[in-house]
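Okay, thanks everyone for coming. Have a look at the sequence and the structure on the screen, and I'll talk you through the packing.

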Amino acid sequence: MPLDIKICGLSTPETIAAALDGGASHVGFIFFPKSPRNVTPQQAAGLRQAANGRAKAVAVTVDATDEFLDAIVSAMRPDMLQLHGKEMPERVAQVRERFNLPVMKALSVSEPTDLLPIQGFVGVADRLLLDAKAPRGSELPGGNGVSFDWRLLAALDPGLDYMLSGGLNPGNVAEAIRIAHPPGLDVSSGVESAPGIKDIALIEAFFEAVRAAES
């Protein structure tokens, strides 16, 4: 079965087209003003139309209020919500019930103990995203271009449904697949020519690298 691949932080029709043509299963839109990838609910509403019937459109938020989530869901009508802040299982359950949408919960990883909270989200979140812990001083919880030791994931339950994120790019994704065998991959800064600027050639190269590793 092909890996699920999410291209995250998209903001232009051209790069969304490249993601979809490459075979992305998910396309992600960032709603976080401090991010160079930030879009408005209205912008995302227009951009996500291309994904209809081709990929799941994911709204990525960071400790968002119900009011902000209401605005995003009303305007964009995402297929999935991604919570990339410090949300606890109770908050994930609230969001899932309020919007009747699947929820992916991001967890930050840098050492073995960072995997311990996973159990609290099993059966609560529909999927997990395991991302590298942000460098000291960064205001962004993700999209920092750093990775973690993928060997840590060998201890996970083989049936855990998650996406691997953090520092992935066309040059290292094959190694990540070989070491971690993740069910899905999430890439953002690794297919950019500058912060927030997706590069079509890098998106294409990422898909080529994944397909080569899968075969």
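Let's begin with a pair of helices: α6, residues 173–180, packs against α7 at an angle of about 35°, and the two axes are 8 Å apart. The crossing of α6 and α7 is right-handed. On the α6 side, the contact comes from Val173, Ala174 and Ile177, and α7 brings Phe206, Ala209, Val210 and Ala213. Sort the residues of that α6–α7 contact by class and you get seven nonpolar, no polar and no charged. One caveat before I go on: this is a predicted model.

Now stay with α7, which has another partner. The helices α1 and α7 pack at an angle of about 15°, with 9 Å between their axes. With the cut-off for roughly parallel set at under 35 degrees, α1 and α7 therefore count as roughly parallel to each other. This crossing, α1 with α7, is right-handed too. Glu14, Thr15, Ala18, Ala19 and Gly22 make the contact from α1, and Ile200, Ile203, Phe207 and Arg211 make it from α7. By class, the α1–α7 contact has five nonpolar, two polar and two charged residues.

While we're on α1, which of its residues are buried? In this helix, residues 13–22, they are Thr15, Ile16, Ala18, Ala19 and Leu20. And what covers them? The cover includes strands β1 (4–7), β2 (26–31) and β10 (197–198), plus helices α2 (41–47) and α7. After α1 comes Gly23, with a positive phi near 105°.

Right, on to the core. As a general point, nonpolar side chains in soluble globular proteins tend to be buried together. Here, the largest nonpolar core has 62 residues, and the members that touch the most others are Ile7, Val27, Phe29, Leu153, Tyr162 and Leu164. Which element gives the most to this core? That's α7 again, residues 200–214, with five residues. There is also a second, separate core of 11 residues, and Ile30, Val58, Ala106 and Met163 are among them.

Let me zoom in on one residue from each. Ile7, from the largest core, touches Ala19, Ala24, His26, Val27, Gly28, Val187, Val191, Lys198 and Phe207, if you skip residues up to four places away in sequence. Notice Ala19 and Phe207 in that list; both also turned up in the α1–α7 contact.

From the second core, take Val58, which sits in strand β3. Is Val58 buried or exposed? Its relative accessible area is 0%, so Val58 is buried. Leaving out residues up to four places away in sequence, Val58 touches Lys6, His26, Val27, Gly28, Phe29, Met76, Met80, Leu81 and Gln82. If you want a distance to check on screen, Val58 and Leu3 are 17 Å apart, C-alpha to C-alpha, and 55 residues apart in sequence.

The contact uses Asp66, Leu69, Asp70 and Val73 from α3, with Arg91, Val95, Arg98 and Phe99 from α4. By class, the α3–α4 contact has four nonpolar, no polar and four charged residues.

Asp63 lies in the loop between β3 (56–61) and α3, and its phi is positive, near 50°, in a residue other than glycine. At 43% relative accessibility, Asp63 counts as partly exposed. Asn100 also has a positive phi, about 50°, and it isn't a glycine either. You'll find Asn100 in the loop between α4 and β5 (103–109), and with 68% relative accessibility it counts as exposed.

Then there's Asp79, in the loop between α3 and β4 (80–83). It is partly exposed, at 31% relative accessibility. Beyond its neighbours within four places in sequence, Asp79 is in contact with Arg48, Ala55, Lys56, Ala57, Leu101 and Pro102.

That's my tour, so over to you for questions.

Technical notes. Residues are numbered from 1 along each chain as its sequence is written. This is a predicted model: local features need pLDDT of at least 70, side-chain atom pairs count only at pLDDT 80 or more; totals for chains, interfaces and linings use all residues. Side-chain values use heavy atoms; hydrogens and water are left out. A nonpolar core is a set of buried Ala, Val, Leu, Ile, Met, Phe, Trp, Tyr and Cys residues joined through side-chain atoms within 4.5 Å. Buried means under 20% relative accessible area, exposed over 50%, partly exposed in between (1.4 Å probe, protein chains only). Helices (H or I, at least four residues) and strands (E, at least two) are DSSP runs, numbered from the N terminus. Contact means heavy atoms within 4.5 Å. Ala, Val, Leu, Ile, Met, Phe, Trp, Tyr, Cys and Pro count as nonpolar, Asp, Glu, Lys and Arg as charged, and the others, Gly among them, as polar. Axes are lines fitted to C-alpha atoms, for helices over the stretch in contact, and angles run from 0 to 180 degrees between N-to-C directions. Angles under 35 degrees count as roughly parallel, over 145 as roughly antiparallel, 65 to 115 as roughly perpendicular and the rest as oblique. A crossing is left-handed if the near helix is turned anticlockwise from the far one by less than a right angle, and right-handed if clockwise.
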